[in-house]
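Welcome! Try each task yourself before you read on.

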Amino acid sequence: MKYWRKHHPDIGVDDPRYHQVSLMYSVLIIMLLYFGLIALLNVTLFDDADIALYDFLGFVMVACVYSYVRYGGNFRVAGWAVIATLIFVLLAFIHLAEGRNYSLLWVTILPPFAFFLLGPRAGIWVTGLVFTYSAWFLYQLLDQQVSANLGLGAFLNFVEVGTAQIFLFRYYERSRIKAYDQLRQTSITDPLTGVYNRLHLDNTLKNLLTRANVSEQPLSVLLLDVDYFKRINDSHGHLVGDDVLVALTKVLQNGTRDLDLVGRWGGEEFLLICPDADAKVAYQVAKRLLEQVRSQPLAHGISITVSIGIATSTTNSTAESMLQVADQYMYEAKAAGRNRIGADQLPAE
Ligand SMILES: Nc1nc2c(ncn2[C@@H]2O[C@H](COP(=O)(O)OP(=O)(O)OP(=O)(O)O)[C@@H](O)[C@H]2O)c(=O)[nH]1
């Protein structure tokens, strides 16, 4: 768990603010460490009290922003305060260093901070203005024959700026990938039951069917619909109905192989995609599920039954044709009295 969560227990991993807050705390800590370290280096190694003073001022200002954020302050205000502090210290530094020791290198630290904290639009304006000013400042120095002075100071400026950039971008990229994964997971998941949603089932069925046709392996789909589900909602309420759907999902997951895909097709309808399953295997799976569902109360002591339609691929099947067949058999099962299986050739019981 991120350490900052104790200050903001209401911001969970699923909260859209999570990554922004995480980024803000990381930036604040990186800046505190950097300002502290550089102030120390300037006092001890370079004996430059003027520059150290500005670094120390930066440290104090960032510490103030840290406690502002920690006690519930507005993140946008905090972001601008951090960037203003950084620009203040950077400009003070390049002025005091008068271009020696590649001091202007330090302005390249600004873009990641400005873009992360202010977003792309303000980020480009802020960095654009500071870079323009720095270029103008450098231009003024051109005819003053400032010595390149390749001493320890230049070396440390390069190392410090370089490592800060590496860590910032590494952090940013990791949090971007995490956010992307979370978003992808959400886009393919049904929020109530946690199984795949229709969009993902549809895409996966197309892919698996192409693969099945190429390898000449069978593939079956089972379309499963709860019988008289409306009655459960009407007599026990929608929330109880939801619990029944969640419990049914568990039965379906437990009753199928890891290879099979279980998803919610919509409402009280579920779709199971069973790779490498011919009509006989699909029928056995359907029979087992039918039995498991009706044999026990699922939630709040409520028992249900389901009707299942099966479709098995042939060489010219498409995802649409399979779904249509499964749908048709499911309705035939309903029409025949529910709590049963509809399929092409039902084995004699
Ligand atoms: N609780 C709950 N109910 C849902 C959800 N999605 C759809 N429903 C309900 O599912 C019920 C489906 O009703 P019908 O289509 O009439 O079907 P049924 O009552 O199951 O009857 P048959 O399918 O003919 O056996 C409706 O009352 C919907 O409101 C959901 O996410 N949660």
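## Exercise 1: A covered strand

Strand 4 is mostly covered, with seven of its seven residues buried. This is a predicted model, so please read every value here as computed from the prediction.

**Task.** Find which residues of strand 4 lie on one side and which on the other.

**Solution.** Step 1: start from a general rule. In a regular strand, side chains alternate between the two faces of the sheet.

Step 1: apply the rule to the strand. Val306, Ile308, Ile310 and Thr312 fall on one side of strand 4, while Ser307, Gly309 and Ala311 fall on the other.

Step 2: check both sets. These residues are all buried, and both faces of strand 4 are therefore covered, a residue being buried when 20 or more other C-beta atoms lie within 10 Å of its own.

## Exercise 2: Building the sheet

**Task.** Work out in what order the five strands form the sheet.

**Solution.** Step 1: begin with strand 4 and one partner. Strand 1 pairs with strand 4 in the antiparallel sense over seven bridges, and Val226 stands opposite Val306 in strand 4.

Step 1: look at another partner. Strand 4 and strand 5 (residues 341–342) run parallel and are joined by two bridges. Here Gly309 stands opposite Gly342 in strand 5.

Step 2: turn to strand 2. Strand 2 and strand 3 run antiparallel, with five bridges between them; Val262 stands opposite Leu272 in strand 3.

Step 3: The five strands form an open sheet in the order 2-3-1-4-5, with mixed pairing. Strand 2 and strand 5 are the edge strands, each pairing on one side only.

## Exercise 3: Into the core

**Task.** Name the residues with the most contacts inside the largest nonpolar core, then follow Leu222 and Ala326.

**Solution.** Step 1: list them. The largest nonpolar core has 47 residues, and those with the most contacts inside it are Val221, Leu222, Leu272, Ala286, Ile308, Ile310 and Ala326.

Step 1: see where the core comes from. Among the elements that each supply at least two of its residues are helix 6 (198–215), strand 1 (219–226), helix 9 (279–294), strand 4 (306–312) and helix 10 (319–335).

Step 2: follow Leu222. This residue is found in strand 1. Leu222 counts as buried because it has 29 C-beta neighbours inside 10 Å. Leaving aside neighbours within four places in sequence, Leu222 is in contact with Leu272, Cys274, Ala282, Val285, Ala286, Ile308, Ile310 and Ala326. The C-alpha atoms of Leu222 and Phe270 are separated by 8.1 Å, although the two are 48 residues apart along the chain.

Step 3: follow Ala326. With neighbours within four places again left aside, the contacts of Ala326 are Val221, Leu222, Leu223, Gly309, Ile310 and Ala311.

## Exercise 4: Around the ligand

**Task.** Find which element gives the most residues to the shell around the ligand.

**Solution.** Step 1: count the shell. The ligand is surrounded by 16 residues, of which the closest are Asp227, Phe229, Lys230, Gly241 and Gly267.

Step 1: sort them by class. The shell has five nonpolar, four polar and seven charged residues.

Step 2: look at the elements. Strand 1, helix 7 (229–236) and helix 8 each supply at least two residues, and helix 8 gives the most, with four.

## Exercise 5: Recorded regions

**Task.** Compare the UniProt record with the model at residues 21–45 and 51–69.

**Solution.** Step 1: read the record. An unreviewed UniProt entry lists several spans as "transmembrane region", including residues 21–45 and 51–69.

Step 1: check the model. Residues 21–45 are 96% helix and 0% strand, with end C-alpha atoms 35 Å apart. Residues 51–69 are 100% helix and 0% strand, and their end C-alpha atoms are 27 Å apart.

Definitions and conventions. Residues numbered from 1 in each chain as written. Predicted model: local features only at pLDDT ≥ 70, side-chain atom pairs only at ≥ 80, totals over all residues. UniProt positions renumbered as here; feature names shortened; annotations may be inferred. Core = buried A, V, L, I, M, F, W, Y, C linked by C-beta atoms within 7 Å. Buried ≥ 20, exposed ≤ 12 C-beta atoms within 10 Å, placed from the backbone. Contact = placed C-beta atoms within 7 Å. Near = placed C-beta within 6 Å. Nonpolar A, V, L, I, M, F, W, Y, C, P; charged D, E, K, R; others polar. Pairing = 2+ DSSP bridges.
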